[in-house]
Amino acid sequence: MSTSGPRVRIAPSPTGEPHVGTVYIALFNYLFAKKMGGEFILRIEDTDATRSTPEFEQKVLDALKWTGLTWAEGPDVGGPYGPYRQSDRKDMYQPYAQELLDKGHAFRCFCTPQRLEQMREAQRAAGKPPKYDGHCLNLTAEEVTAKMDAGETSVIRMKIPTEGSCDFTDGVYGDVSIPWDSVDMQVLIKGDGMPTYHMANVIDDHLMKITHVARGEEWLASVPKHILLYRYFGWEQPVFMHLSLMRNADKSKLSKRKNPTSISYYSALGYLPEALMNFLGLFFIQIAEGEELLTMDDLIEKFDPDNLSKAGAIFDIQKLDWLNGRWLREKLTPEDFIARTLEWASENQRLTEGLKLSQSRISKLGELPQLAGFLLASDVGLTPASFGGLKTTPAETLEIINTVQADLEKILEWNVEAIDQELRAVADKLGKKLRVVTPPLFVAMSGSSRSLPLFDSMALLGRSVVRQRLKIAATVVASMVGDGK
(Lines give C-alpha, C1' and ligand atoms only; values in the text may rest on other atoms or scores of the structure.)
Protein backbone atom coordinates (compact mmCIF):
# COMPACT_ATOMS: atom_id res chain seq x y z
CA MET A 1 0.00 0.00 0.00
CA SER A 2 1.00 3.63 -0.48
CA THR A 3 3.04 5.23 2.27
CA SER A 4 2.75 8.83 1.03
CA GLY A 5 -0.86 9.47 1.98
CA PRO A 6 -4.14 7.79 1.04
CA ARG A 7 -4.99 6.92 -2.54
CA VAL A 8 -8.68 6.98 -3.42
CA ARG A 9 -10.50 6.59 -6.70
CA ILE A 10 -13.77 7.12 -8.51
CA ALA A 11 -14.53 4.32 -10.97
CA PRO A 12 -17.63 5.12 -13.08
CA SER A 13 -19.01 2.86 -15.79
CA PRO A 14 -19.59 4.58 -19.16
CA THR A 15 -22.99 2.99 -19.76
CA GLY A 16 -25.23 6.06 -19.71
CA GLU A 17 -25.48 9.75 -18.91
CA PRO A 18 -23.23 10.59 -15.92
CA HIS A 19 -25.41 10.42 -12.79
CA VAL A 20 -25.39 13.07 -10.08
CA GLY A 21 -24.77 10.18 -7.66
CA THR A 22 -21.44 9.54 -9.41
CA VAL A 23 -20.40 13.13 -8.70
CA TYR A 24 -21.63 12.79 -5.10
CA ILE A 25 -19.27 9.82 -4.56
CA ALA A 26 -16.49 11.50 -6.55
CA LEU A 27 -16.72 14.62 -4.40
CA PHE A 28 -16.39 12.61 -1.19
CA ASN A 29 -13.26 10.90 -2.52
CA TYR A 30 -11.86 14.21 -3.72
CA LEU A 31 -12.46 15.92 -0.36
CA PHE A 32 -10.95 12.93 1.45
CA ALA A 33 -7.82 13.02 -0.70
CA LYS A 34 -7.36 16.76 -0.35
CA LYS A 35 -8.01 16.76 3.39
CA MET A 36 -5.67 13.83 4.06
CA GLY A 37 -2.88 14.86 1.69
CA GLY A 38 -3.49 11.97 -0.69
CA GLU A 39 -4.22 11.33 -4.37
CA PHE A 40 -7.56 11.22 -6.21
CA ILE A 41 -7.64 8.85 -9.20
CA LEU A 42 -10.13 8.29 -12.04
CA ARG A 43 -10.60 4.80 -13.48
CA ILE A 44 -13.11 3.86 -16.18
CA GLU A 45 -14.81 0.52 -15.46
CA ASP A 46 -16.08 -0.58 -18.85
CA THR A 47 -16.24 -4.35 -18.38
CA ASP A 48 -19.87 -4.24 -19.64
CA ALA A 49 -18.86 -4.28 -23.30
CA THR A 50 -22.46 -4.34 -24.57
CA ARG A 51 -23.42 -1.04 -22.89
CA SER A 52 -20.16 0.89 -22.58
CA THR A 53 -19.49 3.40 -25.38
CA PRO A 54 -16.79 5.97 -26.15
CA GLU A 55 -19.53 8.66 -26.20
CA PHE A 56 -20.57 7.87 -22.64
CA GLU A 57 -16.95 7.72 -21.49
CA GLN A 58 -16.37 11.20 -22.91
CA LYS A 59 -19.54 12.39 -21.17
CA VAL A 60 -18.19 11.05 -17.87
CA LEU A 61 -14.94 12.96 -18.35
CA ASP A 62 -16.75 16.12 -19.45
CA ALA A 63 -19.21 15.96 -16.54
CA LEU A 64 -16.50 15.50 -13.91
CA LYS A 65 -14.39 18.28 -15.44
CA TRP A 66 -17.46 20.56 -15.50
CA THR A 67 -17.83 20.11 -11.74
CA GLY A 68 -14.29 21.38 -11.24
CA LEU A 69 -12.84 18.11 -9.96
CA THR A 70 -9.33 17.19 -11.06
CA TRP A 71 -7.52 13.87 -10.76
CA ALA A 72 -3.85 13.02 -10.44
CA GLU A 73 -4.14 9.88 -12.61
CA GLY A 74 -6.69 8.77 -15.19
CA PRO A 75 -7.32 7.64 -18.77
CA ASP A 76 -6.88 11.18 -20.08
CA VAL A 77 -3.83 12.20 -18.01
CA GLY A 78 -2.03 8.88 -17.60
CA GLY A 79 -0.11 7.86 -14.51
CA PRO A 80 2.25 5.19 -13.13
CA TYR A 81 -0.42 2.50 -12.62
CA GLY A 82 -2.23 2.55 -15.98
CA PRO A 83 -3.97 1.78 -18.15
CA TYR A 84 -6.89 3.46 -16.38
CA ARG A 85 -9.57 1.90 -18.57
CA GLN A 86 -10.50 -1.68 -17.69
CA SER A 87 -11.02 -2.79 -21.27
CA ASP A 88 -7.36 -1.88 -21.87
CA ARG A 89 -6.38 -4.08 -18.90
CA LYS A 90 -8.21 -7.22 -20.07
CA ASP A 91 -5.07 -9.36 -20.37
CA MET A 92 -4.02 -8.49 -16.80
CA TYR A 93 -6.88 -10.38 -15.17
CA GLN A 94 -6.46 -13.86 -16.64
CA PRO A 95 -3.31 -14.81 -14.68
CA TYR A 96 -5.06 -13.88 -11.44
CA ALA A 97 -8.08 -15.97 -12.39
CA GLN A 98 -5.80 -18.91 -13.14
CA GLU A 99 -4.08 -18.41 -9.78
CA LEU A 100 -7.44 -18.73 -8.01
CA LEU A 101 -8.21 -21.90 -9.98
CA ASP A 102 -4.80 -23.38 -9.19
CA LYS A 103 -5.20 -22.63 -5.47
CA GLY A 104 -8.68 -24.14 -5.39
CA HIS A 105 -10.37 -20.82 -4.57
CA ALA A 106 -12.38 -20.76 -7.80
CA PHE A 107 -13.95 -23.22 -10.24
CA ARG A 108 -15.20 -23.37 -13.81
CA CYS A 109 -18.96 -23.29 -14.26
CA PHE A 110 -20.53 -24.61 -17.46
CA CYS A 111 -24.17 -23.97 -16.55
CA THR A 112 -26.18 -22.53 -19.43
CA PRO A 113 -28.22 -19.33 -19.04
CA GLN A 114 -31.35 -21.49 -19.37
CA ARG A 115 -30.36 -23.74 -16.47
CA LEU A 116 -29.44 -20.78 -14.31
CA GLU A 117 -32.79 -19.11 -14.96
CA GLN A 118 -34.69 -22.31 -14.13
CA MET A 119 -32.63 -22.60 -10.94
CA ARG A 120 -33.47 -19.03 -9.92
CA GLU A 121 -37.16 -19.47 -10.71
CA ALA A 122 -37.29 -22.58 -8.53
CA GLN A 123 -35.53 -20.75 -5.69
CA ARG A 124 -37.88 -17.79 -5.91
CA ALA A 125 -40.87 -20.11 -5.98
CA ALA A 126 -39.56 -21.71 -2.78
CA GLY A 127 -39.21 -18.30 -1.14
CA LYS A 128 -35.41 -18.40 -1.21
CA PRO A 129 -33.07 -15.66 -2.45
CA PRO A 130 -31.69 -16.69 -5.85
CA LYS A 131 -28.02 -17.66 -5.84
CA TYR A 132 -25.81 -20.26 -7.51
CA ASP A 133 -26.50 -23.80 -6.26
CA GLY A 134 -22.99 -25.21 -6.71
CA HIS A 135 -23.91 -27.51 -9.61
CA CYS A 136 -20.40 -27.36 -11.14
CA LEU A 137 -18.53 -26.96 -7.87
CA ASN A 138 -17.34 -30.57 -7.65
CA LEU A 139 -16.52 -31.35 -11.26
CA THR A 140 -13.29 -33.34 -11.54
CA ALA A 141 -10.30 -32.02 -13.45
CA GLU A 142 -10.98 -34.62 -16.14
CA GLU A 143 -14.61 -33.53 -16.49
CA VAL A 144 -13.60 -29.89 -16.77
CA THR A 145 -10.98 -30.71 -19.41
CA ALA A 146 -13.46 -32.77 -21.40
CA LYS A 147 -16.06 -29.99 -21.40
CA MET A 148 -13.50 -27.40 -22.45
CA ASP A 149 -12.15 -29.67 -25.19
CA ALA A 150 -15.72 -30.05 -26.41
CA GLY A 151 -15.97 -26.27 -26.75
CA GLU A 152 -18.47 -25.71 -23.95
CA THR A 153 -18.62 -22.10 -22.76
CA SER A 154 -17.62 -21.58 -19.15
CA VAL A 155 -17.31 -18.83 -16.58
CA ILE A 156 -15.07 -18.79 -13.52
CA ARG A 157 -16.82 -18.53 -10.15
CA MET A 158 -15.34 -17.94 -6.71
CA LYS A 159 -15.74 -20.39 -3.85
CA ILE A 160 -17.45 -19.15 -0.69
CA PRO A 161 -17.03 -20.49 2.87
CA THR A 162 -20.01 -22.54 4.01
CA GLU A 163 -19.93 -21.56 7.69
CA GLY A 164 -19.46 -18.45 9.80
CA SER A 165 -19.59 -14.84 8.75
CA CYS A 166 -17.52 -12.10 7.22
CA ASP A 167 -16.78 -9.51 9.90
CA PHE A 168 -15.26 -6.15 9.03
CA THR A 169 -15.25 -2.52 10.13
CA ASP A 170 -16.71 0.00 7.73
CA GLY A 171 -15.51 3.60 7.86
CA VAL A 172 -19.11 4.83 8.05
CA TYR A 173 -21.21 1.97 9.40
CA GLY A 174 -18.73 0.66 11.93
CA ASP A 175 -18.66 -3.07 12.72
CA VAL A 176 -20.52 -5.18 10.13
CA SER A 177 -21.17 -8.94 10.09
CA ILE A 178 -22.54 -10.75 7.00
CA PRO A 179 -23.13 -14.54 7.08
CA TRP A 180 -21.23 -16.43 4.41
CA ASP A 181 -24.31 -18.48 3.51
CA SER A 182 -25.92 -15.28 2.19
CA VAL A 183 -23.06 -14.64 -0.23
CA ASP A 184 -23.33 -15.91 -3.81
CA MET A 185 -20.58 -17.80 -5.67
CA GLN A 186 -19.81 -14.76 -7.77
CA VAL A 187 -18.81 -15.02 -11.42
CA LEU A 188 -15.29 -13.59 -11.68
CA ILE A 189 -14.54 -14.13 -15.38
CA LYS A 190 -17.37 -14.04 -17.90
CA GLY A 191 -17.74 -16.31 -20.91
CA ASP A 192 -16.18 -13.66 -23.18
CA GLY A 193 -13.06 -13.58 -21.01
CA MET A 194 -13.82 -10.19 -19.49
CA PRO A 195 -13.77 -9.89 -15.70
CA THR A 196 -16.87 -8.96 -13.76
CA TYR A 197 -16.94 -5.79 -11.70
CA HIS A 198 -15.97 -7.67 -8.52
CA MET A 199 -12.87 -9.32 -9.97
CA ALA A 200 -11.55 -6.30 -11.86
CA ASN A 201 -12.38 -3.94 -9.02
CA VAL A 202 -10.28 -5.80 -6.46
CA ILE A 203 -7.34 -6.43 -8.77
CA ASP A 204 -7.25 -2.86 -10.05
CA ASP A 205 -7.54 -1.37 -6.57
CA HIS A 206 -4.62 -3.53 -5.43
CA LEU A 207 -2.42 -2.79 -8.45
CA MET A 208 -3.22 0.93 -8.25
CA LYS A 209 -2.39 0.90 -4.52
CA ILE A 210 -5.82 2.19 -3.48
CA THR A 211 -5.87 2.55 0.32
CA HIS A 212 -9.51 3.63 0.90
CA VAL A 213 -12.57 2.54 -1.08
CA ALA A 214 -15.44 5.00 -0.65
CA ARG A 215 -18.62 4.15 -2.58
CA GLY A 216 -22.40 3.97 -2.24
CA GLU A 217 -24.05 1.86 0.43
CA GLU A 218 -25.55 -0.43 -2.22
CA TRP A 219 -22.11 -2.08 -2.42
CA LEU A 220 -21.99 -2.93 1.29
CA ALA A 221 -23.37 -6.43 0.70
CA SER A 222 -20.57 -7.09 -1.83
CA VAL A 223 -17.77 -6.45 0.66
CA PRO A 224 -17.50 -10.14 1.72
CA LYS A 225 -16.73 -11.14 -1.89
CA HIS A 226 -14.07 -8.46 -2.12
CA ILE A 227 -12.53 -9.25 1.25
CA LEU A 228 -12.43 -12.93 0.29
CA LEU A 229 -10.56 -12.11 -2.91
CA TYR A 230 -8.01 -10.05 -0.97
CA ARG A 231 -7.53 -13.03 1.35
CA TYR A 232 -7.27 -15.54 -1.51
CA PHE A 233 -4.55 -13.43 -3.14
CA GLY A 234 -2.82 -12.70 0.17
CA TRP A 235 -3.17 -8.94 -0.26
CA GLU A 236 -3.77 -6.21 2.31
CA GLN A 237 -7.33 -4.98 1.97
CA PRO A 238 -8.23 -1.26 1.83
CA VAL A 239 -10.43 0.59 4.29
CA PHE A 240 -14.04 0.41 3.12
CA MET A 241 -16.40 3.36 3.50
CA HIS A 242 -20.00 3.11 2.34
CA LEU A 243 -21.90 6.35 1.93
CA SER A 244 -25.65 6.71 2.27
CA LEU A 245 -27.46 6.86 -1.04
CA MET A 246 -28.95 10.10 -2.26
CA ARG A 247 -32.72 9.91 -2.12
CA ASN A 248 -35.78 11.86 -3.17
CA ALA A 249 -37.75 13.82 -0.60
CA ASP A 250 -40.05 10.77 -0.16
CA LYS A 251 -36.95 8.69 0.72
CA SER A 252 -37.18 6.70 -2.53
CA LYS A 253 -33.97 6.03 -4.44
CA LEU A 254 -32.89 8.83 -6.75
CA SER A 255 -33.51 7.55 -10.26
CA LYS A 256 -33.96 9.02 -13.72
CA ARG A 257 -37.45 7.53 -13.90
CA LYS A 258 -38.62 9.90 -11.17
CA ASN A 259 -36.37 12.94 -11.38
CA PRO A 260 -33.57 14.31 -13.53
CA THR A 261 -30.31 12.71 -12.41
CA SER A 262 -27.91 13.47 -15.26
CA ILE A 263 -25.18 16.03 -14.73
CA SER A 264 -25.81 17.22 -18.30
CA TYR A 265 -29.38 18.13 -17.29
CA TYR A 266 -28.24 20.44 -14.50
CA SER A 267 -25.57 21.94 -16.74
CA ALA A 268 -28.11 22.53 -19.54
CA LEU A 269 -30.56 24.26 -17.19
CA GLY A 270 -27.94 26.74 -16.05
CA TYR A 271 -26.90 25.50 -12.64
CA LEU A 272 -23.41 26.62 -11.70
CA PRO A 273 -20.99 23.75 -11.04
CA GLU A 274 -19.82 25.54 -7.89
CA ALA A 275 -23.39 25.60 -6.58
CA LEU A 276 -23.96 21.91 -7.32
CA MET A 277 -20.74 20.94 -5.58
CA ASN A 278 -21.62 23.24 -2.67
CA PHE A 279 -24.99 21.48 -2.41
CA LEU A 280 -23.50 17.96 -2.54
CA GLY A 281 -20.65 18.87 -0.19
CA LEU A 282 -23.11 19.85 2.56
CA PHE A 283 -23.93 16.13 2.93
CA PHE A 284 -20.38 15.50 4.19
CA ILE A 285 -19.79 18.31 6.65
CA GLN A 286 -21.22 19.81 9.81
CA ILE A 287 -22.11 23.52 9.68
CA ALA A 288 -24.18 26.05 11.57
CA GLU A 289 -27.23 27.67 10.01
CA GLY A 290 -26.23 30.57 7.79
CA GLU A 291 -22.93 28.97 6.71
CA GLU A 292 -24.32 27.14 3.68
CA LEU A 293 -22.56 29.11 0.94
CA LEU A 294 -19.21 27.33 0.62
CA THR A 295 -16.44 27.14 -1.97
CA MET A 296 -14.48 23.96 -2.63
CA ASP A 297 -11.70 25.22 -0.38
CA ASP A 298 -14.28 25.81 2.37
CA LEU A 299 -15.61 22.25 1.94
CA ILE A 300 -12.10 20.79 2.18
CA GLU A 301 -11.40 22.78 5.34
CA LYS A 302 -14.62 21.67 7.06
CA PHE A 303 -14.51 18.04 5.86
CA ASP A 304 -14.09 15.51 8.67
CA PRO A 305 -14.07 11.83 7.59
CA ASP A 306 -14.42 10.72 11.22
CA ASN A 307 -17.71 12.55 11.64
CA LEU A 308 -19.92 11.32 8.80
CA SER A 309 -23.68 10.90 8.90
CA LYS A 310 -25.41 7.60 8.10
CA ALA A 311 -28.66 9.50 7.53
CA GLY A 312 -29.90 9.53 3.97
CA ALA A 313 -28.73 12.37 1.73
CA ILE A 314 -31.94 14.01 0.50
CA PHE A 315 -31.65 15.56 -2.95
CA ASP A 316 -33.77 18.65 -2.30
CA ILE A 317 -34.08 20.47 -5.63
CA GLN A 318 -35.50 23.55 -3.90
CA LYS A 319 -32.40 23.85 -1.75
CA LEU A 320 -30.22 23.45 -4.83
CA ASP A 321 -32.19 26.22 -6.58
CA TRP A 322 -31.75 28.43 -3.51
CA LEU A 323 -28.00 27.82 -3.37
CA ASN A 324 -27.63 28.33 -7.11
CA GLY A 325 -29.48 31.62 -6.88
CA ARG A 326 -27.19 32.78 -4.08
CA TRP A 327 -24.11 31.83 -6.10
CA LEU A 328 -25.43 33.79 -9.11
CA ARG A 329 -26.21 36.87 -7.01
CA GLU A 330 -23.46 36.84 -4.39
CA LYS A 331 -20.45 35.08 -5.88
CA LEU A 332 -20.35 36.43 -9.46
CA THR A 333 -19.40 39.94 -10.51
CA PRO A 334 -21.56 41.43 -13.31
CA GLU A 335 -18.75 40.66 -15.74
CA ASP A 336 -18.53 37.07 -14.48
CA PHE A 337 -22.31 36.71 -14.75
CA ILE A 338 -22.34 37.85 -18.38
CA ALA A 339 -19.42 35.55 -19.24
CA ARG A 340 -21.04 32.57 -17.53
CA THR A 341 -24.35 33.25 -19.30
CA LEU A 342 -22.72 33.34 -22.73
CA GLU A 343 -20.72 30.20 -21.92
CA TRP A 344 -23.90 28.40 -20.82
CA ALA A 345 -25.92 29.47 -23.87
CA SER A 346 -23.11 28.25 -26.14
CA GLU A 347 -22.88 24.85 -24.44
CA ASN A 348 -23.09 22.06 -27.03
CA GLN A 349 -23.48 24.85 -29.63
CA ARG A 350 -27.14 25.28 -28.69
CA LEU A 351 -27.13 29.01 -29.41
CA THR A 352 -25.18 29.04 -32.67
CA GLU A 353 -26.81 25.94 -34.14
CA GLY A 354 -30.23 27.13 -32.98
CA LEU A 355 -29.69 30.45 -34.75
CA LYS A 356 -28.65 28.66 -37.94
CA LEU A 357 -31.83 26.57 -37.83
CA SER A 358 -33.90 29.71 -37.23
CA GLN A 359 -32.57 31.80 -40.12
CA SER A 360 -34.92 30.43 -42.79
CA ARG A 361 -37.95 30.50 -40.50
CA ILE A 362 -38.22 34.13 -39.43
CA SER A 363 -39.03 37.45 -41.06
CA LYS A 364 -37.51 39.60 -38.31
CA LEU A 365 -35.04 39.04 -35.50
CA GLY A 366 -37.65 39.79 -32.88
CA GLU A 367 -39.23 36.41 -33.64
CA LEU A 368 -36.16 34.54 -32.46
CA PRO A 369 -37.05 34.28 -28.75
CA GLN A 370 -40.45 32.78 -29.48
CA LEU A 371 -39.11 30.40 -32.14
CA ALA A 372 -35.83 29.23 -30.58
CA GLY A 373 -36.08 30.23 -26.94
CA PHE A 374 -37.09 26.69 -25.95
CA LEU A 375 -33.50 25.57 -26.56
CA LEU A 376 -32.42 27.62 -23.53
CA ALA A 377 -35.57 27.41 -21.40
CA SER A 378 -35.61 25.45 -18.14
CA ASP A 379 -39.36 24.85 -18.57
CA VAL A 380 -41.51 25.31 -21.67
CA GLY A 381 -44.69 25.62 -19.60
CA LEU A 382 -46.67 22.66 -20.91
CA THR A 383 -50.39 22.60 -20.10
CA PRO A 384 -53.32 20.59 -21.51
CA ALA A 385 -53.99 23.54 -23.82
CA SER A 386 -50.53 23.05 -25.35
CA PHE A 387 -51.70 19.75 -26.82
CA GLY A 388 -55.22 20.95 -27.66
CA GLY A 389 -54.57 21.62 -31.34
CA LEU A 390 -53.26 18.15 -32.19
CA LYS A 391 -55.14 15.85 -34.54
CA THR A 392 -54.39 12.83 -32.35
CA THR A 393 -56.60 12.10 -29.35
CA PRO A 394 -55.06 12.47 -25.86
CA ALA A 395 -54.89 8.68 -25.60
CA GLU A 396 -53.05 8.43 -28.94
CA THR A 397 -50.76 11.31 -27.98
CA LEU A 398 -49.91 9.63 -24.70
CA GLU A 399 -49.14 6.35 -26.47
CA ILE A 400 -46.79 8.17 -28.85
CA ILE A 401 -44.97 10.01 -26.05
CA ASN A 402 -44.63 6.91 -23.86
CA THR A 403 -43.35 4.80 -26.74
CA VAL A 404 -40.86 7.44 -27.78
CA GLN A 405 -39.69 7.82 -24.15
CA ALA A 406 -38.86 4.13 -23.90
CA ASP A 407 -37.34 3.73 -27.35
CA LEU A 408 -35.05 6.77 -27.18
CA GLU A 409 -33.31 5.11 -24.22
CA LYS A 410 -32.01 2.53 -26.70
CA ILE A 411 -29.94 5.11 -28.58
CA LEU A 412 -26.25 4.72 -27.78
CA GLU A 413 -24.92 7.74 -29.69
CA TRP A 414 -27.17 10.80 -29.39
CA ASN A 415 -27.22 12.61 -32.73
CA VAL A 416 -29.66 13.73 -35.43
CA GLU A 417 -29.28 10.58 -37.52
CA ALA A 418 -29.87 8.20 -34.59
CA ILE A 419 -32.91 10.19 -33.41
CA ASP A 420 -34.34 10.25 -36.94
CA GLN A 421 -33.88 6.50 -37.29
CA GLU A 422 -35.40 5.71 -33.90
CA LEU A 423 -38.47 7.92 -34.39
CA ARG A 424 -39.14 6.37 -37.79
CA ALA A 425 -38.92 2.97 -36.12
CA VAL A 426 -41.41 4.18 -33.48
CA ALA A 427 -43.81 5.26 -36.23
CA ASP A 428 -43.56 1.82 -37.83
CA LYS A 429 -44.10 0.12 -34.49
CA LEU A 430 -47.23 2.18 -33.84
CA GLY A 431 -48.48 1.71 -37.38
CA LYS A 432 -48.63 5.48 -37.95
CA LYS A 433 -47.13 7.92 -40.42
CA LEU A 434 -44.12 9.84 -39.15
CA ARG A 435 -46.06 13.09 -39.68
CA VAL A 436 -48.59 11.81 -37.11
CA VAL A 437 -45.93 10.91 -34.54
CA THR A 438 -43.92 14.16 -34.68
CA PRO A 439 -46.50 16.89 -33.77
CA PRO A 440 -46.89 15.75 -30.12
CA LEU A 441 -43.09 15.73 -29.87
CA PHE A 442 -42.84 19.28 -31.27
CA VAL A 443 -45.13 20.40 -28.46
CA ALA A 444 -43.31 18.36 -25.80
CA MET A 445 -39.93 19.82 -26.79
CA SER A 446 -40.86 23.46 -27.44
CA GLY A 447 -44.32 24.07 -25.99
CA SER A 448 -45.49 25.05 -29.47
CA SER A 449 -46.62 23.36 -32.67
CA ARG A 450 -44.40 25.79 -34.66
CA SER A 451 -40.78 25.20 -33.92
CA LEU A 452 -37.36 24.38 -35.31
CA PRO A 453 -36.72 21.03 -37.02
CA LEU A 454 -37.57 18.35 -34.46
CA PHE A 455 -34.66 15.94 -34.84
CA ASP A 456 -32.08 18.75 -34.80
CA SER A 457 -33.77 20.35 -31.78
CA MET A 458 -33.74 17.10 -29.81
CA ALA A 459 -30.07 16.59 -30.63
CA LEU A 460 -29.24 20.12 -29.42
CA LEU A 461 -31.32 19.83 -26.25
CA GLY A 462 -29.47 16.65 -25.30
CA ARG A 463 -30.63 13.30 -24.05
CA SER A 464 -31.26 14.29 -20.43
CA VAL A 465 -33.37 17.38 -21.23
CA VAL A 466 -35.38 15.49 -23.87
CA ARG A 467 -36.02 12.73 -21.34
CA GLN A 468 -37.34 15.21 -18.77
CA ARG A 469 -39.52 17.10 -21.26
CA LEU A 470 -41.10 13.87 -22.46
CA LYS A 471 -41.73 12.89 -18.85
CA ILE A 472 -43.48 16.21 -18.15
CA ALA A 473 -45.45 15.93 -21.40
CA ALA A 474 -46.60 12.43 -20.49
CA THR A 475 -47.85 13.67 -17.12
CA VAL A 476 -49.79 16.55 -18.72
CA VAL A 477 -51.36 14.38 -21.42
CA ALA A 478 -52.16 11.59 -18.92
CA SER A 479 -54.24 14.15 -16.97
CA MET A 480 -56.16 14.87 -20.18
CA VAL A 481 -56.85 11.17 -20.71
CA GLY A 482 -58.02 10.89 -17.11
CA ASP A 483 -60.33 13.89 -17.54
CA GLY A 484 -61.69 12.47 -20.78
CA LYS A 485 -60.61 15.52 -22.79
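Biologist: In which loop does K209 lie?

Modeller: This is a predicted model, in which local features need pLDDT of at least 70 and side-chain atom pairs count only at pLDDT 80 or more, while totals for chains, interfaces and linings use all residues. Residues are numbered from 1 along each chain as its sequence is written, and side-chain values use heavy atoms, with hydrogens and water left out. Helices (H or I, at least four residues) and strands (E, at least two) are DSSP runs numbered from the N terminus. On that numbering, K209 lies in the loop between helix 6 (197–207) and strand 8.

Biologist: Is K209 buried, partly exposed or exposed?

Modeller: Buried means under 20% relative accessible area and exposed means over 50%, with partly exposed in between (1.4 Å probe, protein chains only). The relative accessibility of K209 is 32%, so K209 counts as partly exposed.

Biologist: What is phi of K209?

Modeller: Most residues other than glycine have a negative phi. K209 is not a glycine, yet its phi is positive, with a value near 60°.

Biologist: What value does the positive phi of N348 have?

Modeller: N348 is found in the loop between helix 12 (334–345) and helix 13 (350–358). With 57% relative accessibility, N348 counts as exposed. N348 is not a glycine, and its positive phi is about 55°.

Biologist: Which element gives the most to the lining of the largest pocket?

Modeller: On a 1 Å grid over the protein atoms alone, a pocket is an open set of points with protein on both sides within 12 Å along at least five of seven lines, a cavity is a set where a 1.4 Å probe fits but cannot get out, and lining residues have an atom within 4 Å of a point. Of its 42 lining residues, S13, T15, H19, T22 and E218 are the closest to the centre. Strand 1 (7–10), helix 1 (20–36), helix 2 (54–66), strand 8 (212–216) and helix 19 (463–483) give two or more residues each, and the most, 4 residues, comes from helix 1.

Biologist: How many residues of the lining of the largest pocket are charged?

Modeller: Ala, Val, Leu, Ile, Met, Phe, Trp, Tyr, Cys and Pro count as nonpolar, Asp, Glu, Lys and Arg as charged, and the others, Gly among them, as polar. By these classes the lining has 16 nonpolar and 12 polar residues, and the number of charged ones is 14.

Biologist: Which residues does N29 touch?

Modeller: N29 lies in helix 1. Its relative accessible area is 0%, so N29 is buried. Contact means heavy atoms within 4.5 Å. Not counting residues up to four places away in sequence, N29 touches V8, R9, F40 and A214.

Biologist: From which element does the largest share of the lining of the second largest pocket come?

Modeller: The second largest pocket has a volume of about 410 Å³. It is lined by 22 residues, and K59, D62, S264, E347 and N348 lie nearest its centre. The largest share, 5 residues, comes from helix 2.

Biologist: From which element does the largest share of the lining of the largest cavity come?

Modeller: The structure holds 3 cavities of 30 Å³ or more, and the largest cavity has a volume of about 70 Å³. Its lining residues include Y265, D379, Q468 and R469. By class, the lining has 7 nonpolar, 2 polar and 2 charged residues. The largest share, 4 residues, comes from helix 19.

Biologist: What radius of gyration does the protein chain have?

Modeller: The protein chain has 19 helices and 11 strands, and its C-alpha trace spans about 80 × 55 × 40 Å along its principal axes. The radius of gyration is taken over C-alpha atoms, and the globule rule is 2.2 Å times the number of residues to the power 0.38. For 485 residues a compact globule would have a value near 23 Å, with which the chain agrees, at 26 Å.

Definitions and conventions
Grid points are joined across faces, edges and corners, and a volume is the space filled by probe spheres set on the points.
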